[in-house]
Amino acid sequence: MTFRPVRSQSHAQPTMEGAGVHLHRVFGFGDPGETDPFLMMDDFRNDDPAKYARGFPWHPHRGIETITYVLEGEVSHGDSLGNEGVLGAGSVQWMTAGSGILHQEMPRGNAAGQMHGFQLWANLPSSLKMTGPRYQDIQGADIPVIVEDDGTRVKIITGNFWGKRGPVDGIAADPLYLDVSVPPGVTKVLPVDTRANAFAYVFAGAGRFAEASDPMGVRVEKEFGGQEVNIRDLSGNRTLVKFGNGDEVKVTAGPEGVRFLLVAGRPIQEPVAWHGPIVMNTQAELQQAMKDLRNGTFIKPAH
């Protein structure tokens with residue numbers, strides 16, 4: 001067994017999407033090979049309805065899958081095929097856009113006005129780019145949770161983990177998607193497919209991830225008492241941690257504990273032609289998608 005070293009760390013950056021939704025972009029619109037098969041991830045978290053209520057009005061998708069995980073509040077959705085529904089706190093929607101879909105997503109806060117969720121984009125291989133669209137809406141109560149004796153809590157959204165399997169299935173990338181909470185001071189080792197690209201996104205508390213076989217974290221220089229000292233950095237709130245090769249991720253929770261998403265998937269390793277919510281393999285395919293949008297043939301008839 002080999003621990004995955006930390007390859008890089010970065011912080012989610014504030015941006016706006018949709019009709020004026022304030023969110024933080026974890027990664028995306030850079031080199032897609034860095035996180036293949038995942039393309040982009042957003043953390044939408046706000047206590048002010050004015051900063052999210054206008055939501056994400058009608059927009060197209062083709063060639064990808066979008067994964068929406070709601071922690072607080074809810075998201076109502078509808079699409080050009082007549083599907084509609086509401087994602088409540090703790091629930092997940094896995095949408096396979098495939099050949100094309102037009103949809104909208106409108107967030108609403110809880111009783112305190114709080115809205116928090118994540119959206120992750122996963123690429124589709126060329127063989128499935130034009131597959132028929134489909135949805136999987138999973139209620140929070142249907143997502144298995146494992147609680148260890150030390151208080152570690154793992155919610156399994158998709159993939160096999162510690163003898164249980166998440167309810168989302170039939171996904172092209174066959175990824176692992178976990179919501180992990182580790183109590184203060186506890187060290188956990190989490191198995192990950194050695195052939196998969198993997199990352200963690202810390203969204204509460206702080207934790208130190210292992211470098212190679214020694215959980216030293218990332219050594220950084222900081223000023224303390226007027227002097228520059230080397231300390232072990234704790235990966236904190238809104239931190240993306242990308243891992244190198246190995247088959248285990250090791251984390252030690254800080255004094256407030258740590259909660260993070262752990263996501264892994266085998267890379268597709270195909271060319272990417274990307275424009276906004278449409279991701280194909282070639283520029284010609286991308287231009288065809290734009291032409292389909294203009295002439296009203298973007299939505300393909302069901303077979």
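Q: Between which two strands is the loop in which W162 lies?
A: This is a predicted model, in which local features need pLDDT of at least 70 and side-chain atom pairs count only at pLDDT 80 or more, while totals for chains, interfaces and linings use all residues. Residues are numbered from 1 along each chain as its sequence is written, and side-chain values use heavy atoms, with hydrogens and water left out. With helices (H or I, at least four residues) and strands (E, at least two) taken as DSSP runs numbered from the N terminus, the loop that holds W162 runs between strand 15 (160–161) and strand 16 (164–165).

Q: What is the phi angle of W162?
A: W162 is partly exposed, with a relative accessible area of 29%, where buried means under 20%, exposed over 50% and partly exposed in between (1.4 Å probe, protein chains only). Although W162 is not a glycine, its phi is positive, at about 50 degrees.

Q: Is Q269, another residue with a positive phi, buried or exposed?
A: Q269 is found in the loop between strand 23 (248–265) and strand 24 (273–275), and its phi is near 60 degrees, a positive value in a residue other than glycine. At a relative accessibility of 69%, Q269 counts as exposed.

Q: Which residue is joined to D36 by a cis peptide bond?
A: The bond has an omega of about 15 degrees.

Q: With the side chain of which residue does the side chain of S76 make a polar contact?
A: S76 lies in strand 7 (residues 74–79) and counts as buried at 16% relative accessibility. Leaving aside neighbours within four places in sequence, its contacts (heavy atoms within 4.5 Å) include G85, V86 and Q104. A polar contact is a pair of N or O atoms within 3.5 Å; within protein, one must be able to donate a hydrogen and the other to accept it, and residues adjacent in sequence count only if both atoms are side-chain atoms. Such a pair, at 3.5 Å, joins the side chain of S76 to that of R108.

Q: What is the length of the polar contact between the side chains of Q119 and E105?
A: Q119 lies in strand 11 and is buried, with a relative accessible area of 12%. Its side chain also makes a polar contact of 3.0 Å with the side chain of W121. Beyond four places in sequence, Q119 is in contact with several residues, among them M40, F44, T66 and E105, and the polar contact that joins its side chain to that of E105 has a length of 2.9 Å.

Q: How far is the C-alpha atom of T131 from that of G63?
A: T131 is placed in the loop between strand 11 (115–123) and strand 12 (134–138), and it is partly exposed at 28% relative accessibility. Not counting residues up to four places away in sequence, T131 touches T96, A97, G98 and S99. T131 and G63 are 68 residues apart along the chain, yet their C-alpha atoms are separated by 8.5 Å.
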